[in-house]
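Hi,

Here is the structure I promised to pass on. Have a look at it first, and then read my notes below.

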Amino acid sequence: MGKPDAEGHGPADGLPGLPPEWGRVVVPDDASALAAEAAQIRRELRRADGLSGGHRALGLPLAVLLVAVLTTLAGLLAVTWPRANREADRPTPAPYSPPETLVGRALPALDLVGADDEPVPLRGLLPAMIILLDGCLCPDRVTDALAAAPAGVSVITVTGGRTVPAGPTIERQARALADPAGGLRSFLGQPARSGAATALLVDRAGIVTRVLPELGTSDSYRSDLSALAA
């Protein structure tokens, strides 16, 4: 103890190879003399571990909470944002209206089916008021049209399928026909509406003069019928 090394370095009464700024370091012969210093160092090490462990224990719940909040916000955005866009982009259904281009167009040369199951050329019955009954048989509307139609203007009722229903039992009868192929409804370009009858007014040259998407009383088309007879 306290001797120089083999090359003569180090103090004669200290430990060899230690920095000079450490000062004199003396190692006691009895290690128990260092018990107090060792206990203080252990306390300081435990205190340092406790502080760093506390920070780690606190950081983990905060990280989990942050991830949960971000996940919830992302889910809410995914649910609500597209729904708002869909509601904004959803088109508003347009009210029912017949194509404006039908007026002035020629009625196609359709062969419908009569009560005897024989073909009937539709253009051979002009001028006429053609009432489509595939949405409603509407016998009161048919009777009203028969009463308003002048001589020489046919009133034709048309149903889908091949069954021709009996017309109103009045003095003047409508010409009842069936349209199993749906050619007339296809020409109209609009589907049948439940509870409503649709009517076409066609002059003797086969030109559509008016379309009534929902047939009402004869007061709304009486003048058009008179024009067909002229």
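**The cysteine pair**

Cys136 and Cys138 are both buried. Keep in mind that this is a predicted model, so everything here is computed. The two cysteines are joined in a disulfide, with 2.1 Å between their sulfur atoms. A disulfide is a covalent bond between the sulfur atoms of two cysteines. The link between Cys136 and Cys138 is right-handed, with 125 degrees about the S-S bond. Searching the whole structure turns up one disulfide.

**Salt bridges**

How many salt bridges does the count come to? The answer is four, and here are some of them.

Asp134 pairs with Arg185, and their closest N and O atoms are 2.6 Å apart. This pair connects distant parts of the chain, 51 residues apart: Asp134 sits in the loop between strand E3 (128-132) and helix H2 (139-148), while Arg185 belongs to helix H3 (residues 183-188). As for cover, Asp134 counts as partly exposed because its relative accessibility is 35%, whereas Arg185, at 14%, counts as buried.

Another salt bridge brings together the side chains of Asp224 and Arg210, at 2.6 Å from N to O. Asp224 is in helix H4 (residues 222-229) and Arg210 is in strand E7 (residues 208-212), so this pair ties together parts 14 residues apart in sequence. Arg210 has 26% relative accessibility and therefore counts as partly exposed.

Then there is Arg222 with Asp219, where the closest N and O atoms are 3.5 Å apart.

**A buried valine**

You'll find Val202 in strand E6 (residues 198-202), and with 0% relative accessibility it counts as buried. Which residues does Val202 touch, leaving out those up to four places away in sequence? Its contacts are Leu107, Leu126, Pro127, Ala128, Ile130, Ile207, Val208, Thr209 and Leu228. Val202 and Ala106 are 96 residues apart along the chain, yet 8.5 Å separates their C-alpha atoms.

Finally, go to helix H1 (residues 35-89), where you'll find Val69. Val69 counts as partly exposed, with a relative accessibility of 41%.

Cheers

Terms used: Residues are numbered from 1 along each chain as its sequence is written. This is a predicted model: local features need pLDDT of at least 70, side-chain atom pairs count only at pLDDT 80 or more; totals for chains, interfaces and linings use all residues. Side-chain values use heavy atoms; hydrogens and water are left out. Helices (H or I, at least four residues) and strands (E, at least two) are DSSP runs, numbered from the N terminus. Buried means under 20% relative accessible area, exposed over 50%, partly exposed in between (1.4 Å probe, protein chains only). A disulfide is a pair of cysteine sulfur atoms within 2.5 Å. Contact means heavy atoms within 4.5 Å.
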